[in-house]
Amino acid sequence: MSAAATSAPAELRFAGYAAVFGKRDSGGDVIVPGAFAETLAARKEAGVRLPLLWQHRTGQRIGWVELAEEDRHGLRVIASLSPGAGPAAKALAEGAVNGLSFGYRVRDAAPQGGGRELRSVDLIEVSLVTRPMQQLARVHYVDSNGGRLAPANSQPVS
């Protein structure tokens, strides 16, 4: 098998949810609607891009988040992988990895049933991960053909 046959596509984009509202994660935390509103507005106003990391490793930026927005389901993202994303791109293209997660700092939270209700967070990064803390935080669409990803008001794939 040639190297070309085993490599990931040159242009790889995906859409999914990095957070799902109202569902407890494996650490006991629950994200509420509006938790990302302030940080997303500040990033947009400042023109600060949101990095896409591999497994939360700060030294392994694999791309950029093109769009991050709250909808009724959670924090929806559209991201593109950089040409040098290597094994991460291959794993995503093959469906071997489809978990999403996000790095953050808590601004406002309240104790809730062994965890926290996260009311406001500073969003630092989004990561493609093998095992997300929130089991429903997943990639729901992958595009390697330069197509148009589903609009923000689309239903997530369950």
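**View A. Strands 3 and 4 pair up as a hairpin.** Five bridges hold strand 3 (50-54) and strand 4 (57-70) together, and the two run antiparallel. Here, pairing requires at least two DSSP bridges between two strands; strands themselves are DSSP runs of E with at least two residues, helices are H or I runs of at least four, and both are numbered from the N terminus. Leu50 stands across from Val65 of strand 4. Two residues separate the strands of this hairpin, and Gln55 in the turn has a positive phi of about 55 degrees. This is a predicted model, so local features need pLDDT of at least 70 and side-chain atom pairs count only at pLDDT 80 or more, while totals for chains, interfaces and linings use all residues. Residues are numbered from 1 along each chain as its sequence is written, and side-chain values use heavy atoms, with hydrogens and water left out.

**View B. Another hairpin takes strand 4 on to strand 5.** Look for Glu70, whose bridge partner in strand 5 is Leu75.

**View C. Arg49 puts its charged end over the ring of Trp64.** The distance to the ring centre is 4.0 Å. To count, NZ of Lys or CZ of Arg has to be within 6 Å of the ring centre and within 35 degrees of the ring normal.

**View D. Helix 3 keeps its buried residues on one face.** Ala88, Ala89, Ala91 and Leu92 are the buried ones, where buried is under 20% relative accessible area, exposed is over 50% and partly exposed is in between (1.4 Å probe, protein chains only). Seen down the axis of helix 3, they fall within an arc of 165 degrees, so they line one face; the arc is taken from the directions from the helix axis to the C-beta atoms. These buried residues pack against strand 1, strand 3, strand 4, strand 5, strand 7 and strand 8 (139-143). Over on the other side of helix 3, Pro87 and Glu94 are exposed. Just past the helix, Gly95 has a positive phi of about 80 degrees.

**View E. Phe14, Phe36 and Leu81 touch the most other members of the largest nonpolar core.** That core has 32 residues; a nonpolar core means buried Ala, Val, Leu, Ile, Met, Phe, Trp, Tyr and Cys joined through side-chain atoms within 4.5 Å. Strand 7 (115-129) is among the elements giving two or more residues, and with five residues it gives the most. Setting aside neighbours within four places in sequence, Leu81 is in contact (heavy atoms within 4.5 Å) with Leu12, Phe14, Leu52, Ile62, Gly63, Ala88, Ala89 and Leu92.

**View F. Phe36, Phe102 and Tyr104 make a cluster through ring pairs.** Rings of Phe, Tyr and Trp (its six-membered ring) pair if their centres lie within 6.5 Å; planes under 30 degrees apart are stacked, over 60 edge-to-face and the rest tilted. That rule gives two aromatic pairs. Phe36 and Phe102 sit edge-to-face, at 5.2 Å centre to centre with 75 degrees between the planes. This pair links distant parts of the chain, 66 residues apart: Phe36 is in the loop between strand 2 (30-31) and helix 2 (37-46), and Phe102 is in strand 6. Phe102 and Tyr104 are tilted, at 5.0 Å and 45 degrees. Phe36 is buried at 0% relative accessible area and Phe102 is buried at 11%, whereas Tyr104 is partly exposed at 27%.
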